[in-house]
Amino acid sequence: MLYRQPVLAVVQIGDDAASSSYIKGKLKDCEEVGMICRHIHLGEKENDTYSVSKILLELSEDVDYDGIILQLPIPDKFDLPVLQNCISSEKDVDGFRKDSLFDPCTPKGIIEWLDDNKYDFEGKRAIVIGRSNIVGKPLVNMLIEKGATVTSCNSKTQNLKEYTGNADLVIPAIGKPKFFSSSYFYTNQVIIDVGINRDENGKLWGDVDYDDVRRWGNTYVTPVPGGVGLLTRIALLQNTFEAYRRKIEGGLN
């Protein structure tokens, strides 16, 4: 039983076009599942790390909000780690804090999608290409927990093709459009493309050259757009509802 609608706060700093587009998607997603999403848009020039941190701390204390996210990227003049840690662990539905109660959305979405498709992790050779704190590193740990044999690489790893060509599961997340051609892969692999890159015309591309790699007949590769981005959005909704549920069951609201 819902006592009220779950509420998500999305804090945006500045006017990054890609961020504005992503936020529109979040607003639509929340509306479709019966949640409330409140967009808090802060100007870049009139704010600094201190002023934004005060707002995030106030939102963390406000019982009307169940989840809070700071839309990335933010302008360079702001201290991202400081701001992320101003969001309480109970409301950090992006899962960025080390002590967050939630798994980061992209790794969570990927693992749950593989589970839903009954992917057998046990003994599989998995490679994660990218070492960010919000995708690469947590994904490595989640795959290990699932029983996979995991290798962590990056775009500068020597002989990278030897790793990608011998893996069962390949997850590129380096932020370089079409970096991985079919020469990096082989048949009977699952490739989950985490890369989201915009060209000068605003078109989205993954880290994998999708059309080229699809020439491997029995290899499955997720598209961009329409792949991991959707899984991430679903995971954010799940985390927000879980934050709401914990608050209601804990008698905090």
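So, the contact between H1 and H8: Lys-26, Asp-29, Cys-30 and Val-33 on the H1 side meet Arg-233, Leu-236 and Leu-237 on the H8 side, where contact means heavy atoms within 4.5 Å. Sorted by class, that is four nonpolar, no polar and three charged residues. For the classes, Ala, Val, Leu, Ile, Met, Phe, Trp, Tyr, Cys and Pro count as nonpolar, Asp, Glu, Lys and Arg as charged, and the others, Gly among them, as polar.

A quick word on what we're looking at. This is a predicted model, where local features need pLDDT of at least 70 and side-chain atom pairs count only at pLDDT 80 or more, while totals for chains, interfaces and linings use all residues. Residues are numbered from 1 along each chain as its sequence is written, and side-chain values use heavy atoms, with hydrogens and water left out. Helices (H or I, at least four residues) and strands (E, at least two) are DSSP runs, numbered from the N terminus.

Back to the helices. H1 covers residues 17-33 and H8 covers residues 228-249; the two pack at about 55°, with axes 11 Å apart. That makes H1 oblique to H8. The cut-offs: under 35 degrees is roughly parallel, over 145 roughly antiparallel, 65 to 115 roughly perpendicular, and the rest oblique. Axes here are lines fitted to C-alpha atoms, for helices over the stretch in contact, and angles run from 0 to 180 degrees between N-to-C directions.

H8 has another partner, H4. How do the axes of H4 and H8 cross? At roughly 105°, coming within 7 Å, and H4 and H8 are therefore roughly perpendicular to each other. On the H4 side you have Cys-105, Thr-106, Lys-108, Gly-109, Ile-110, Glu-112 and Trp-113, and from H8 come Val-228, Leu-231, Thr-232, Ala-235, Leu-236, Gln-238 and Asn-239. By class this contact has seven nonpolar, five polar and two charged residues.

H4 (residues 105-116) also packs on H5 (residues 136-145), at about 30° with axes 9 Å apart, so H4 and H5 are roughly parallel to each other. This crossing is right-handed.

How many cavities of 30 Å³ or more does the structure hold? One. On a 1 Å grid over the protein atoms alone, a cavity is a set of points where a 1.4 Å probe fits but cannot get out, and lining residues have an atom within 4 Å of a point. Grid points are joined across faces, edges and corners, and volume is the space filled by probe spheres set on the points. The largest cavity comes to about 50 Å³. Its lining is Ile-68, Ile-69, Leu-70, Gln-84, Ile-87, Asp-92, Asp-94, Phe-96 and Arg-97, and strand S3 (residues 67-70) gives the largest share, three residues. That lining has five nonpolar, one polar and three charged residues.

Leu-72 to Pro-73 is a cis peptide bond, omega near 0°, with Pro-73 in the loop between S3 and helix H3 (80-84). Val-224 to Pro-225 is cis, omega near 0°, and Pro-225 sits in the loop between strand S10 (220-221) and H8. And Lys-178, not a glycine, has a positive phi of about 55°; look for Lys-178 in the loop between strand S6 (169-172) and strand S7 (190-191).

Terms used:
1 Å grid on protein atoms, 1.4 Å probe; cavity = no way out; pocket = protein on both sides within 12 Å on 5 of 7 lines; lining within 4 Å. Left-handed = near helix turned anticlockwise from the far one by under 90°.
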